[in-house]
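Q: Hi, could you walk me through this one? I'd like a quick tour before I set anything up.
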Amino acid sequence: MRRAAASVLLAVLLVPGCTCASDSVNRGDLNLVSLDDEWSLGRDLAAEVDAQVRPLPDPVVQGYVDRLGEALVAQTEMADRDWTFTVLDDPAVNAFALPGGHVYVHAGLIAAAGGPDELASVVAHEVAHGVARHSTERMVKAQGVSWVAGLVLGDNPGLVRQVAAGLVGRGALARFSRSDEAEADRLGLDYLAAAGYDPDGQAAMFETLVALRARRPLRFERWFQSHPLGEDRVEAAEAAAEALPSPPPRPDEDAAFEDVQRRVRPFVSSR
Ligand SMILES: [Zn+2]
């Protein structure tokens, strides 16, 4: 119950329901929240979130996702900032990013991915939402800059928790706009390829998600609500990947991923 509430909170908090978006990566001038403030807000929110979620108790899985995440972050313009990647003991096929470099990957996503490139494509997409600062952009547009400033500055010490409670009470799930998704896909694909993963993994992951969703719709609910996935995204991913080189086969990477997937499955299949 507590975890379900937290998921609702997160999905709403991250996407307060505005359809505005920019076409390029935000670089501070397009976003009224400074990067330092965004990272500070991220620390506060992550502390609140971490109190409500359960990490997967397997250091091998966590270590694998840490390395994968760091390899992707190293390709971004925010590589010099602190990022955290947390694997959650949660069978839902989902991943999300808080502002300020905090990415959460549900065990169900690792179990569902068709290989390391597919998993990395989703993590790259979430990293891209963070780099493009879609969450704070939407918070500012939906709530106003002074409200977000109050949240960042901690003028009202209970505001983060209060915001959390209010959003849980509202209980509605909003979604990223199509242009946010397109931007996160485009940036994510660049990070994916630059980090040495196969860019075809993005379209392949979309196909995996669509196919699996037909069988286990509930496990995919949150992902599809916050990340609308239409034919346009699949086709864009296929077309964009054609322009990027595919790496040679990497049997060690495949073996590491298979080991991780084996470790994750008991947590997912028992529920
Ligand atoms: Zn997204």
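A: Happy to! A word on terms: buried means under 20% relative accessible area, exposed over 50%, and partly exposed in between (1.4 Å probe, protein chains only). Helices (H or I, at least four residues) and strands (E, at least two) are DSSP runs, numbered from the N terminus. This is a predicted model, where local features need pLDDT of at least 70, side-chain atom pairs count only at pLDDT 80 or more, and totals for chains, interfaces and linings use all residues. Residues are numbered from 1 along each chain as its sequence is written, and side-chain values use heavy atoms, with hydrogens and water left out.

Q: Great. Which residues of helix H7 are buried?
A: In H7, which covers residues 145-153, they are Val148, Gly150, Leu151 and Val152. Just after H7 comes glycine 154, with a positive phi of about 70 degrees.

Q: And what phi does arginine 133 have?
A: A positive one, about 60 degrees, although arginine 133 is not a glycine. Most residues other than glycine have a negative phi.

Q: Where is arginine 133, then?
A: In the loop between helix H5 (116-132) and helix H6 (134-143). Arginine 133 is buried, at a relative accessible area of 1%.

Q: Switching topic: how many helices and strands does the protein have?
A: There are 13 helices and 3 strands. Of the 271 residues in the protein, 54% are buried.

Q: What about contacts?
A: Counting heavy atoms within 4.5 Å as a contact, residues 24 or more positions apart account for 79% of the contacts with a separation of 6 or more.
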